[in-house]
Amino acid sequence: LATNYFNSIFQDTGGVLWFGTNSEGISQWDPRTEVFRDYSYPFGSEEINSYPRGIYEAEENDLWVGTAAGGLVHYNTSSGFFENFKHSLKNPHTLSHDNLTFVVPDPLNSHLLWIGSSYGLNCFDKVKKIVYRYFNSTTVDHEESNNFRCALPQPDGTLWLGTGGGGMYHFDPLTGTFENSRHDPQNSIGLSNDFINFIHRARSGYLWIGTALGLNRFDPKTESFKTYFSQSPPLINSQVFSICETDDGTLWIGTLGEGLIRFDPVKEQVVKIYDAKDGLLNSQVMGILADQKKNLWIATGGGMYKFDPLTGHFTLFDSGDGLLSGQFIKPAFSGKNGRFYFGHLKGILAFFPDQVKINDHVPPVVITDCQADSRHVNLFPLMQSGQELEFSYKDRVISFEFAALDFAAPQKNRYAYRLKGF
């Protein structure tokens with residue numbers, strides 16, 4: 001609001017509230033936008049000045065966030081308190097690098113967090129606030145093999161790790177050993193690519209791995225891989241960036257350029273590819289979460305989408321709905337009490353999916369102007385009397401201007417018209 005002092009309140013048919021103030025004109029507020037909460041602070045502060053790349057909620061409102069250049073941030077969204085932990089050359093118990101890629105909990109010790117970076121794996125003790133660094137020194141390409149991009153903790157305390165060029169590793173914290181799986185052109189049951197973006201453990205026990213070249217299924221029992229859509233058809237750009245499994249076992253695959261893929265892991269086939277023609281206007285799918293009503297929430301490079309798999313309908317949420325940024329990046333996390341967190345270039349978007357209401361108000365459409373051969377036609381008397389508007393056969397160019405009386409997000413209104421009788 002422009003001021004805290006107002007003398008009148010009005011709610012229009014679309015649910016928007018209008019406030020008449022004493023000296024600051026008219027203010028407008030749409031209550032529906034309040035369900036989305038954006039946290040730009042402290043990520044835009046001078047101390048951090050970086051965007052999130054890994055999100056973990058330890059307790060309600062208590063976030064641990066790995067940033068792209070500002071180290072680790074411990075942030076309480078309720079109080080606004082935050083701590084920042086960074087790399088120091090003088091202290092070996094600090095982060096190995098400030099460019100962080102993921103934050104996941106240790107499956108056996110609630111005091112520990114595993115944090116990936118562009119150089120080294122870090123184990124952070126939340127109580128002692130110190131870091132234990134781990135480096136993979138068994139390979140020739142040392143930098144690529146220590147560029148850890150994603151992680152999947154296992155119940156036994158080990159971790160599956162994906163790297164940016166060094167393949168996939170199985171890491172045992174007790175021994176500090178890394179077991180490597182890499183792409184080999186001569187191995188038909190090996191990884192399709194060494195650049196790993198995402199690792200998901202399915203109910204079946206398989207690991208589904210998103211790479212820069214296709215989707216891989218890994219069987220831990222046989223230690224073998226099977227590759228899907230690594231080459232066209234059906235895809236031109238088969239870089240898999242996110243994976244979400246729904247209750248029916250369907251895998252929803254987010255790609256970096258081809259949109260959303262519905263994949264049947266039993267039949268081992270693509271069911272459908274959703275893109276702009278289906279309503280998904282941005283094909284860079286960075287993160288996917290499923291809510292309790294079986295809807296998918298899809299973070300893209302151009303806004304947040306709610307997707308109903310039963311109807312195939314996409315609903316776009318952007319700045320008109322209260323989002324600070326529509327350019328989402330990789331982090332997607334389902335926190336305590338069902339709250340969703342998505343990272344974007346200006347911070348973190350948080351919301352409860354069941355509280356998001358779709359604006360289904362159909363506003364009245366009015367004709368605001370009419371011209372015949374660039375001559376203005378006064379419509380007001382005709383509209384008042386209900387008479388028909390007649391044109392001469394000499395009027396070769398006739399134009400109308402119209403508008404929908406809706407002020408919640410007018411840029412999202414869509415119109416349809418037809419010439420009846422032609």
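Strand 34 (398-404) gives the largest share of the nonpolar surface patch, three residues. This is a predicted model, in which local features need pLDDT of at least 70 and side-chain atom pairs count only at pLDDT 80 or more, while totals for chains, interfaces and linings use all residues. Residues are numbered from 1 along each chain as its sequence is written, and side-chain values use heavy atoms, with hydrogens and water left out. Strands are DSSP runs of E with at least two residues, numbered from the N terminus.

**Nonpolar patch**

- The patch covers about 860 Å² and is made by Val365, Ile367, Leu389, Phe391, Ile398, Phe400, Phe402, Tyr415 and Tyr417.
- Two or more residues of the patch come from each of strand 32 (365-372) and strand 34.
- Patch residues have over 30% relative accessible area and no salt bridge, and nonpolar side chains (Val, Leu, Ile, Met, Phe, Trp, Tyr) are joined within 5 Å, like charges within 9 Å.
- A salt bridge here is a side-chain nitrogen of Lys or Arg within 4 Å of a carboxyl oxygen of Asp or Glu.
- Accessible areas come from the Shrake-Rupley method with a 1.4 Å probe, and for residues only the protein chains shown count as cover.
- Tyrosine 415 lies in the segment after strand 34 and is partly exposed, at 39% relative accessibility.
- The classes of exposure are buried (under 20% relative accessible area), exposed (over 50%) and partly exposed (in between), with a 1.4 Å probe and protein chains only.

- Strand 25 is joined to the antiparallel strand 26 (residues 296-300) by five bridges, and two strands count as paired if DSSP finds at least two bridges between them.
- Glycine 287 has alanine 299 of strand 26 opposite.

- Strand 22 (residues 251-255) pairs with strand 23 (residues 260-264) over four bridges in the antiparallel sense.
- Leucine 251 has phenylalanine 263 in strand 23 as its bridge partner.
- The hairpin of strand 22 and strand 23 has four residues between the strands, and glycine 257 takes a positive phi near 140° there.
- Strand 23 also runs antiparallel to strand 24 (residues 269-274), with five bridges joining them.
- Aspartate 264 is bridged to glutamine 269 in strand 24.
- In the hairpin of strand 23 and strand 24, again with four residues between the strands, glutamate 268 has a positive phi near 55°.

**Backbone features in loops**

- The peptide bond between tyrosine 41 and proline 42 is cis, with omega about 10°.
- Proline 42 belongs to the loop between strand 4 (37-39) and strand 5 (52-59).
- Asparagine 61, a residue other than glycine, has a positive phi near 70°.
- Asparagine 61 sits in the loop between strand 5 and strand 6 (62-67) and is partly exposed at 22% relative accessibility.
- Asparagine 337 is not a glycine either, and its phi is positive at about 60°.
- The loop between strand 29 (328-334) and strand 30 (340-344) holds asparagine 337, which is exposed with a relative accessible area of 56%.
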